[in-house]
Amino acid sequence: MIVRSSPTRPVRRNSPRRGVLPPVFMAIAATLAACGGPPVTETAAARPAPAAAPATSGTGAADAIWPIKTREHVDAWLHGYALVMNDTAKVPLFRDGYADSIASLKAATSLVTVLDANRDQLRSQLTERPSLEQGQFVPLYFADWAEMRRACDVFLQVDGNPSRASSPQLARMVAFLAGIYPTAPDRDWLRVFLLGLDDERTRFYQQYWIDQQTAHAPVLAAIQTAWQGQALPKLRGFLNNTRQNNGDIMLSLPLGGEGRMVPGGTTESVVAVTFPATAADANQAVFVFVHEVVGQIAQQAVEDNTTPAQKREGVAAGLQSMAAVRAGALLLQKTDPALADGYMGYYLGLIHATAASPGSTVGADFERSFPIPADIQVAMDRRLDAILAGI
């Protein structure tokens, strides 16, 4: 049974499991960019922060390279997915214990939202149709909640048919969402998810997010220092040589070691990363960014060094997540060795790995915990050397 919000309450209308955008999304992104559809990023002038957001949500000068931002609509959408997904990936898709911590907060005030009431149904359908998980990328294409929610409303009103949209721009938005929710059952899932998320956001998440931004202000300042003052200068060569010159880094409360990335060429990429709990952990945001921007290199190495049979049997897909984690460590070892051990320790902590022996090194434990074939490791190593040399 679907639980619906009270009729007297106004309704707000305002990877694979890898974080890197899958090919079908990249094609959609290219179409939207060519046609002038929903932008991938937001600029200070054209994309102001939501009115309710504290001042820290639009940090970074307008001309900063890879500025760091926060956006409530990104977090609200990912929060909804975190509550309804079975997160069984080796590297968790969301912050460890996130859903349980939210449930505890609500239980303290006996709050049960429509999303909570429909969670089991939504989760069951996600299990049956795992392609729905690709919807996690949706908010990275929109400026704010109002724009995203309006696009979803139109999409559902026209039943996913772009030809029924009232304008070319709306037709492009509908086509974009139809690439993610192509079937009638998919659209029914989205309708129930939105019904729950509207109620969740109104009754709980908006205020929770604002409170968290205030509490995280010292963390944000530490991340700015760690990124702009230390990590970015070391990574600029790699980013420029891989045509990832600029974009937005979105700190996201629900995310852990698996980020979400929309590649957009030299200026329009969006990378959503974890928002650490303390200033002492500021480098965790850098670690997840590195993990995301090497994803394509890891993916290509796996593609080139697995057989057709391994691809058919899912072996290649299983290797991509571990290869991406390993590629991030390789990049830091070549560009910022001081961060490499911290990166390896962070990802070991995410999977609750234990040391092989009292005298084992973090590097040895890391390689043991994230095993990949030697030919994939060599391919990534050589490719990174070539990129850093400007070849």
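1. In this predicted model, Ile68 has Ile249 of strand β2 as its bridge partner. The strands concerned, β1 (residues 68–69) and β2, run parallel and are joined by two bridges.

2. Ile249 also has a bridge partner in strand β4, namely Val271. The pairing of β2 with β4 (residues 269–274) is likewise parallel and extends over six bridges.

3. Strand β2 covers residues 247–252, and six of its six residues are buried; the strand is therefore largely enclosed by the rest of the structure.

4. Leu83 belongs to helix α2, which spans residues 72–84. Its relative accessible area is 7%, below the 20% cut-off, so Leu83 is classed as buried. Leaving aside residues up to four places away in sequence, Leu83 touches Ala99, Ile102, Lys106, Leu115, Asp116, Arg119, Arg123 and Glu200. A separation of 9.9 Å lies between the C-alpha atoms of Leu83 and Asp120, which are 37 residues apart along the chain.

5. Helices α14 (residues 337–350) and α15 (residues 362–369) pack with their axes 10 Å apart, at an angle of about 45°. Because of this angle, α14 is oblique to α15. The crossing of α14 past α15 is left-handed.

6. On the α14 side, the contact comprises Asp341, Tyr343, Met344, Gly345, Tyr347 and Leu348; on the α15 side, Val362, Gly363, Asp365, Phe366 and Ser369 take part. The residues of this contact between α14 and α15 comprise six nonpolar, three polar and two charged.

Key. Residues are numbered from 1 along each chain as its sequence is written. This is a predicted model: local features need pLDDT of at least 70, side-chain atom pairs count only at pLDDT 80 or more; totals for chains, interfaces and linings use all residues. Side-chain values use heavy atoms; hydrogens and water are left out. Helices (H or I, at least four residues) and strands (E, at least two) are DSSP runs, numbered from the N terminus. Buried means under 20% relative accessible area, exposed over 50%, partly exposed in between (1.4 Å probe, protein chains only). Contact means heavy atoms within 4.5 Å. Two strands pair if DSSP finds at least two bridges between them. Axes are lines fitted to C-alpha atoms, for helices over the stretch in contact, and angles run from 0 to 180 degrees between N-to-C directions. Angles under 35 degrees count as roughly parallel, over 145 as roughly antiparallel, 65 to 115 as roughly perpendicular and the rest as oblique. A crossing is left-handed if the near helix is turned anticlockwise from the far one by less than a right angle, and right-handed if clockwise. Ala, Val, Leu, Ile, Met, Phe, Trp, Tyr, Cys and Pro count as nonpolar, Asp, Glu, Lys and Arg as charged, and the others, Gly among them, as polar.
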